[in-house]
Amino acid sequence: MDAALHRMLTVPGLAALLSAGYASWYASFIAARVHVSHDCSCVAGDDRMRRILELSGCQDLVYYPTFWAPTAFLQLCLLFVKELCIFILPTPYTRDTVVLRDGQAMAVDWMMPAPGADPAKPVVVLLHGAFQSSHSAPMVSLSRECCAAGHPVAVMNRRGYELPLSLPKACMLGFDDDLDEVLVHSVAVRFPGRPVVIVGFSAGATFSTRYVATRSRRLAAASEASTGSNLTRQIPRILCGVAIDCGFDVSDEGAISRMATPVRQFIAVCIWFQYWFRHRHVFQSQSSMPGAAPQIASQEGKLVQVAAYRYVRQLSRSFSSHEDWCAERQPELGSISVPFIFINSMDDPVTVHGNIDSVRIDIEANPNLALLEFARGGHGCKTGFFGFKDIAPQVVARFIQAVQATEEGESEVASQL
């Protein structure tokens with residue numbers, strides 16, 4: 001007995017004991033099949049989305065959490081480490097500068113596939129998170145994976161990101177008209193005639209969802225009436241869309257209010273820093289600017305991140321009322337008319353899993369939509385087992401390939417009729 005205890009207390013014995021303990025703990029996060037929600041019963045006849053999910057492998061996807069960072073908190077720490085690495089490394093992009101109609105300059109960062117890539121591949125347009133930019137871990141990971149699959153990739157940096165804010169107009173959920181101009185004056189100029197795929201992460205996921213919904217409706221109406229602005233007619237065709245870690249509900253009682261502690265406090269500080277402190281000189285030039293930033297925590301009955309969320313939207317000269325602001329930025333899932341998938345994690349502390357409950361019926365009611373729910377993965381691109389490769393970008397690349405394949409198949413059938 002003493003000899004056995006002595007062996008356990010040696011360095012190899014302790015290492016084996018700790019390894020066994022860690023393996024037992026990790027087993028509670030063990031791989032789980034990704035749950036796919038898509039109601040094919042609402043489709044009469046052929047179900048294209050079902051075929052897309054089968055071709056892309058989404059229905060057989062199993063996620064193995066990072067063995068040394070399996071929890072949502074550790075995934076966020078891993079994301080932070082990746083952000084630091086990207087910060088010190090040379091930029092992987094080439095840049096276009098698009099000057100919008102109101103004079104604001106915006107940076108569009110491009111990553112190109114290897115020479116000889118298929119010219120029929122759609123252009124992937126990425127929309128970053130609330131406090132990130134093109135030089136963030138999710139954007140770089142998505143860009144590299146889509147680029148490796150042969151797609152040109154453009155990351156649209158919103159107003160006040162990468163380039164200075166020159167006008168008192170900004171929004172963490174983006175402006176649809178800004179993306180219109182980027183698509184026309186950068187994407188269509190570099191790759192005329194190519195369709196686009198709109199992919200968003202976090203706040204950018206809400207942006208991508210709303211944009212695909214509103215532009216699907218607008219372009220359909222313009223096509224039927226043979227009308228529409230010149231800019232609308234120049235917008236490239238949207239092939240499909242993806243939203244990673246979408247919050248869905250943009251109201252003050254929605255995703256922003258459901259964040260876990262201490263994430264909500266951190267988000268409040270980030271909102272204040274990004275949208276007031278960094279651009280305070282621009283916003284202070286407005287005579288109608290609200291009171292000083294410390295007021296964000298003084299709104300009675302409001303959570304700190306909700307108070308910050310409400311405060312900074314008033315800084316923009318486009319603000320009219322809180323109700324109008326939320327109504328204009330709320331995605332309408334029923335209007336999406338192209339294949340679109342949502343990728344969310346059940347353990348996400350930022351856009352929590354409860355956000356899905358209010359929209360699950362809407363997702364299942366639209367045959368163009370599907371929801372992929374990871375049991376683990378936190379808030380980010382769902383880092384793989386060893387912590388180097390991300391899983392969500394691989395899913396995105398395969399999804400785009402499957403959408404293109406099913407579209408080409410339908411075109412061949414139509415040509416034979």
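Which helix gives the most to the lining of the second largest pocket? The structure examined here is a predicted model, in which local features need pLDDT of at least 70, side-chain atom pairs count only at pLDDT 80 or more, and totals for chains, interfaces and linings use all residues. Residues are numbered from 1 along each chain as its sequence is written, and side-chain values use heavy atoms, with hydrogens and water left out.

The answer is H4, with 7 residues. Helices here are DSSP runs (H or I, at least four residues), strands are runs of E (at least two), and both are numbered from the N terminus. A pocket is an open set of points on a 1 Å grid over the protein atoms alone, where a 1.4 Å probe fits, with protein on both sides within 12 Å along at least five of seven lines. The second largest pocket has a volume of about 560 Å³, the volume being the space filled by probe spheres set on the points. Its lining counts 28 residues, each with an atom within 4 Å of a point. Closest to the centre are Lys82, Ser141, Arg144, Phe388 and Asp390. Helix H4 (72–88) and helix H5 (137–148) each supply at least two lining residues. By class, the lining has 15 nonpolar, 7 polar and 6 charged residues. Ala, Val, Leu, Ile, Met, Phe, Trp, Tyr, Cys and Pro count as nonpolar, Asp, Glu, Lys and Arg as charged, and the others, Gly among them, as polar.

H4 and H5 also pack against each other. Their axes are 9 Å apart, at an angle of about 75°. Axes are lines fitted to C-alpha atoms over the stretch in contact, and angles run from 0 to 180 degrees between N-to-C directions. H4 and H5 are therefore roughly perpendicular, a label for angles of 65 to 115 degrees. Leu79, Lys82, Glu83 and Ile86 in H4 meet Ala137, Pro138 and Val140 in H5, where contact means heavy atoms within 4.5 Å. This contact has 5 nonpolar, no polar and 2 charged residues.

Helix H11 (residues 304–313) and helix H12 (residues 322–329) cross at roughly 95°, with axes that come within 10 Å. H11 and H12 are therefore roughly perpendicular to each other. On H11, Tyr309, Arg310 and Arg313 meet His322, Trp325 and Cys326 of H12. The classes here are 3 nonpolar, 1 polar and 2 charged.

Notes
Parallel < 35°, antiparallel > 145°, perpendicular 65-115°, else oblique.
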